Amino acid sequence: MSFKKYIKAVGTGPKGNRELEEDEIIDAIKLILNRDVTDAQIGAFLVAWRTKFETIGELKGTVKALKSFMNPKKVEDSMELGYSFDGRVKNPFLFPLFDGILEEFYQKNKDIRKLNLVISGDFVQPAKNGLTTKEIFENLDLGRFLFYFNRIEYLNKLSDLTTLRHELGLRTAFNTVEKLLNPGLSEYGVTTAFHKPYVQKYLDIFEEDFKEVIVVKASEGSPEVFKNGKFWRKVENEIVETSFDLKNYGVFYDKEFDKITLNEALNIVKNPDDAILRLAKFNVALYLVFSNRVKTLEEAWERLN
């Protein structure tokens, strides 16, 4: 089928636009990833599609198309942490501290099933252009409970679109779906939304690929919490919201950067102070709840301490 038909479907205007059927969006994404169409056509489609607003059905089809190119490798007893690929600007990454926290936790809590954490990374993508998980993993040895998946290896064809995406300089549908593609075949997945309308959207897109997906209100498109927030999970087809207040757990952290550098981020996790350690520990407590290792945050926090 001519790719121009897909451009017309998303780029004609309010009266002429239509939702692409599953087989159509899968075909379109495969043509893009195989570079069977020109860069101009790819750019036109992605920008027009974003302007039209991608539907849940189209995004689910996009996930299916991307997965057909993937080389997954199962990580047992794992949860995928869905970090944004456009990077971090205001805060350091906390995940380098998670391994040591989990190591200590399991020395004292042998009755709890092991939890491994899966994180993906690649070259920075538009539009924020911050610090990436890839840069952190390239500079630190992160131990036994963290598993890094390099997208250059597990989904090279999407990674190869990086230059073109930077030429466009805009967020596209790939920003929405790429952070929770489950290359480790994890049981659980965690992604983030800052606005509640996106919660249902993310659950609809990703829940078929995990035993359970949890959405947490967190910072900078990552599942790392730096402030008071909430999380949502689906219980018997109803979305249940749970709020948390960091001070109730003795966590006090209020530092932000204008644009954090790699050296600054590495120094923080190599020489962590008590405030950042407690914040990282609280995030691990959340993950223990999300993965059903414990029933409540209070239990997780007590066991961690």
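Guide: A pocket here is an open set of grid points with protein on both sides within 12 Å along at least five of seven lines. The model under discussion is predicted.

Visitor: What is the volume of the second largest pocket?

Guide: The lining of this second largest pocket comprises 15 residues, and Phe194, Ala218, Ser219, Glu220 and Lys227 are the closest to its centre. By class, that lining divides into 5 nonpolar, 4 polar and 6 charged residues. The volume of the second largest pocket is about 250 Å³.

Visitor: Which element gives the most residues to the lining of the largest pocket?

Guide: The largest pocket holds about 490 Å³ of space. Its lining has 21 residues, with Arg171, Lys179, Thr192, Tyr198 and Tyr202 nearest the centre. Two or more lining residues come from helix H10 (173–177) and from helix H11 (197–206). With 3 residues, the element that gives the most is H11.

Visitor: How many charged residues are in the lining of the largest pocket?

Guide: The lining of the largest pocket also includes 6 nonpolar and 7 polar residues. The number of charged residues is 8.

Visitor: Is Phe45 buried or exposed?

Guide: Phe45 lies in helix H3, which spans residues 39–52. Beyond four places in sequence, Phe45 touches Phe3, Tyr6, Ile7, Val10, Leu20, Ile25, Ala28 and Ile32. A residue counts as buried under 20% relative accessible area. Because the relative accessible area of Phe45 is 0%, Phe45 is buried.

Visitor: How far apart in space are Phe45 and Lys8?

Guide: In sequence, Phe45 and Lys8 are separated by 37 residues. From C-alpha to C-alpha, the distance between Phe45 and Lys8 is 8.5 Å.

Note on methods. Residues are numbered from 1 along each chain as its sequence is written. This is a predicted model: local features need pLDDT of at least 70, side-chain atom pairs count only at pLDDT 80 or more; totals for chains, interfaces and linings use all residues. Side-chain values use heavy atoms; hydrogens and water are left out. Helices (H or I, at least four residues) and strands (E, at least two) are DSSP runs, numbered from the N terminus. Buried means under 20% relative accessible area, exposed over 50%, partly exposed in between (1.4 Å probe, protein chains only). Contact means heavy atoms within 4.5 Å. On a 1 Å grid over the protein atoms alone, a cavity is a set of points where a 1.4 Å probe fits but cannot get out, and a pocket is an open set with protein on both sides within 12 Å along at least five of seven lines; lining residues have an atom within 4 Å of a point. Grid points are joined across faces, edges and corners, and a volume is the space filled by probe spheres set on the points. Ala, Val, Leu, Ile, Met, Phe, Trp, Tyr, Cys and Pro count as nonpolar, Asp, Glu, Lys and Arg as charged, and the others, Gly among them, as polar.
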